[in-house]
Amino acid sequence: MSALVAMRLTAFVRGGRAAVPLIAALVVLGVLYGGGQAGVAEGYGVSAAVLFPVLAWQSKLLLDAEPDVQRHLARVTLGERREWTAGLLAALAAGLVTAAIAMAAPWVTGGMRTPRGAEPPLAVGLALGVWAHLLALAAGVALGALACRAVTRGVLPGVAVLVTGGVLGIVLGLRGSIAPWLVPPLMPAARALTDTGPTAAEVGLLTAHAVAWAAAVIAGYAWLRRRRA
Amino acid sequence: MRLEDVWFRYGRRADWVLRGAAVAAEPGSTVVLLGRNGVGKSTLLQLAAGVLRPVRGRVTDRPAVVGWVPERFPAGQPFTARQYLARAAAVRRAPAHAVAAWAERLGLTPYLDTRLAALSKGTAQKVGLAQAVLAPPGLLVLDEPWEGLDAGARVLVPEIVAEVTAAGGAVLVSDHRGEIAALPGATRWTLADGEIHASGPAADTVVVEIGVERAAAGETVARLRAEGHTILGVRG
């Protein structure tokens, strides 16, 4: 299966599709950090939330890069489950690179300042940043998978799933949302990373929420892929 | 590989493509799938290969290694033929030397460093054939494998089929060009109106292509039929 993951990542990069979401991520980060310096945990919290739709789009692009018949060939070779698992792993790997760039970029451009006052120390801020970006990565890959051509079978339905998921992720994540459990907890995580940072219980709860959301969406993806090769 | 009461359609409101298909391709056997265009031959082959799942019924005894040659090889990929086949071999866990060996045999060696998208249809089809046999398949599924191949390469198909069956594998091949004569001893499945009719191997026949004046075509066809010959097609 690792050979198929490598093949898909290579095709994604060589085909030129990898550049587009990466540029989009850099534009988003430029807007985010362009207005001044941010605290470590707070900056990373917002960065993870705004990267969620970008990571979802990147995952969809990666999964759609392969021609349908080539995906079918992979399914014949490795079986249904390993074929789609390899796709998710490739999307995770590509998303990890984007998330790493998102975490490094503000230090290069001077968009991040060292902690002050009651803010979490630098090491804790960095760890919380990794945590927030991993939440966004899991949610982004899950949404991107649900929007991929193998499931939606067309350009417009795929875009609709992507945009709806991305917008709802923000809107239903706002404070006082009527159904926060319907979307990944990226906005709540961003809020929790302000000021003194989240408590261990908050981190645990938000992680459980994000894992449950991604697992439910991936389960739906797996169910749909049983009938949609 | 066995189809047990397999029903298939592409959507809840779509017509059934297959209705209660119950056939088996035994190890060491060759099955030729016949039927007119659009009748569902490729669908049946994809069910056999494992691309599609039956809506009802099941496919059992599918070997662990399945080679599938799709009707059209997906050439729109950013690889050369060599890179593609090397990666296909890695995915299949086939030995790396299998790429060079099959490339040589299929006449692909001069094109190994050509990008897939720049290959001719026939050469791309050979790449499709090579990827399916890099690891010896227990079931080889060929969807119109002769399509686009030149005369020299067309004779390789029956050779490969014979090798797979000799090694105990089963071969399932669709044919609408009348190439069945090149596969002696093959069982025939005829697909029509969603149902499969299996029949034993054809008599020892060959295909003779003849050219006649257009005006005489109808009369010639009628005369040959009257003499007991099978007309596989009229073109031109």
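This is a predicted model: local features need pLDDT of at least 70, side-chain atom pairs count only at pLDDT 80 or more; totals for chains, interfaces and linings use all residues.
Residues are numbered from 1 along each chain as its sequence is written, and chains are lettered from A in the order in which they are written. Local features need pLDDT of at least 70 and side-chain atom pairs count only at pLDDT 80 or more, while totals for chains, interfaces and linings use all residues; side-chain values use heavy atoms, without hydrogens and water.

Me: What area is buried between chain A and chain B?
Reply: The size of an interface is often given as the accessible area lost when the parts come together. Here the loss is taken with a 1.4 Å probe and summed over both parts. Carbon and sulfur atoms give 60% of the area, and the total between chain A and chain B is about 2,100 Å².

Me: Which side chains meet in a salt bridge across the interface of chain A and chain B?
Reply: A salt bridge requires a side-chain nitrogen of Lys or Arg within 4 Å of a carboxyl oxygen of Asp or Glu. The rule finds one across this interface. The N to O distance is 2.7 Å, and the partners are B:Arg53 and A:Glu80.

Me: Which helix gives the most to the side of chain A that touches chain B?
Reply: Helices are DSSP runs (H or I, at least four residues) and strands likewise (E, at least two), numbered from the N terminus. Helix H1 (2–14), helix H4 (68–78) and helix H10 (200–227) of chain A each supply at least two residues of that side. With eight residues, the one that gives the most is H4(A).

Me: Is A:Arg8 buried or exposed?
Reply: A:Arg8 is found in helix H1 of chain A. Its contacts (heavy atoms within 4.5 Å) include A:Glu66, A:Arg71 and A:Glu83, not counting residues up to four places away in sequence. Buried means under 20% relative accessible area, exposed over 50%, and partly exposed in between (1.4 Å probe, protein chains only). Because the relative accessible area of A:Arg8 is 7%, this residue is buried.

Me: Which residue in S6(B) stands opposite B:Gly67?
Reply: In strand S5 (residues 66–69) of chain B, B:Val66 and B:Trp68 point one way and B:Gly67 and B:Val69 the other, and all are buried. Strands pair if DSSP finds at least two bridges between them; S5(B) and strand S6 (residues 139–142) of chain B do so in the parallel sense over four bridges. Opposite B:Gly67 stands B:Leu140.

Note on methods: Buried area is the accessible area (1.4 Å probe) that two parts lose on being put together, summed over both.
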